[in-house]
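Please read these points with the model open beside you.

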Amino acid sequence: MNKTGFIFDLDGVIVDTAKYHYLAWRKLANELGFEFTQEQNELFKGVSRKRCLEILLEIGNIKASQEQFSRWLVEKNEDYLSLIEEMDESEILPDVLKVLQFLKKHNMPIALGSASKNARPILEKVKLMDYFDVIVDGTHVAKAKPDPEVFLIAAKQLGVPPKDCVVFEDAVAGIEAANNAGMLSIGIGEEKVLSEAKFVFTNFTKMDDKFLNRLLE
Ligand code: B16
Ligand code: MG
């Protein structure tokens, strides 16, 4: 039997760090004198830190020098890091462990494919490192989702052809990246938002063993 490779996004799939990203971006926006809403934060999902700041400055209609831009990137990340400092296993989203354990039991190769440069410390905090054979994060990729680079590197490192990989993603850009990589995309979130995904589940509690078994075939 051909092995299937399973690739998980981090933010919004394994843990809900989007709320901490939001607080840190909102603080920066407020300091710069404008509001940043939860709705606008949707645009930031799956998007690199640098690109997020570019979008934020567009929203606030602010022009930044190179030096200011770099300083605000550092400031936002420091605020984000202090917000995630206290994270622990209780922040793992419902039934993520059930799915990881199911895949481990069947000896399936598992990778992380995240845009975040903070992916490793987060996996350590929530004690999930041992489940991942491969970790590809924002420190390894040059091109952001929807470019398939992050998932293609993960597939290569898992030793599984892209067409035999399954991707779990919560972001529109991430689903596009998985589709662009020729992988099976599974959206975690709202069907109307993730309409390009092959399958969509509100969260992992909705994914039963029957469906998971089908993915192994
Ligand atoms: P960092 P994912 C993404 O992670 C987030 O969805 C996105 O909001 C964030 O800007 C990006 O990581 C970069 O994160 O600032 O920690 O490097 O969803 O691809 O796991
Ligand atoms: Mg995500």
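1. A backbone N or O atom of Leu10 lies 3.2 Å from an oxygen atom of ligand 1. Side chains take part too: a polar side-chain atom of Asn118 is 2.7 Å from a ligand 1 oxygen, and a side-chain N or O atom of Lys145 is 2.9 Å from one. The protein covers 97% of the 470 Å² of accessible area that ligand 1 has on its own (Shrake-Rupley method, 1.4 Å probe).

2. This is a predicted model, in which local features need pLDDT of at least 70 and side-chain atom pairs pLDDT 80 or more, while totals for chains, interfaces and linings use all residues. Residues are numbered from 1 along each chain as written, chains are lettered from A and ligands numbered from 1 in the order written, and side-chain values use heavy atoms, without hydrogens and water.

3. How many residues surround ligand 1? There are 18, and the closest are Val47, Ser114, Ser116, Lys117 and Asn118; a residue counts if one of its heavy atoms lies within 4 Å. By class, the shell has six nonpolar, five polar and seven charged residues.

4. Domain 1 (5–16 + 89–216) and domain 2 (18–84) both give residues to this shell, so ligand 1 lies between them. The domain bounds come from an automatic or database assignment.

5. Lys145 is joined to Pro146 by a cis peptide bond, with omega about 20°. Asn61 is not a glycine, yet has a positive phi of about 55°.

Notes. Polar contact = N/O pair within 3.5 Å; in protein donor to acceptor, adjacent residues only side chain to side chain. Nonpolar A, V, L, I, M, F, W, Y, C, P; charged D, E, K, R; others polar.
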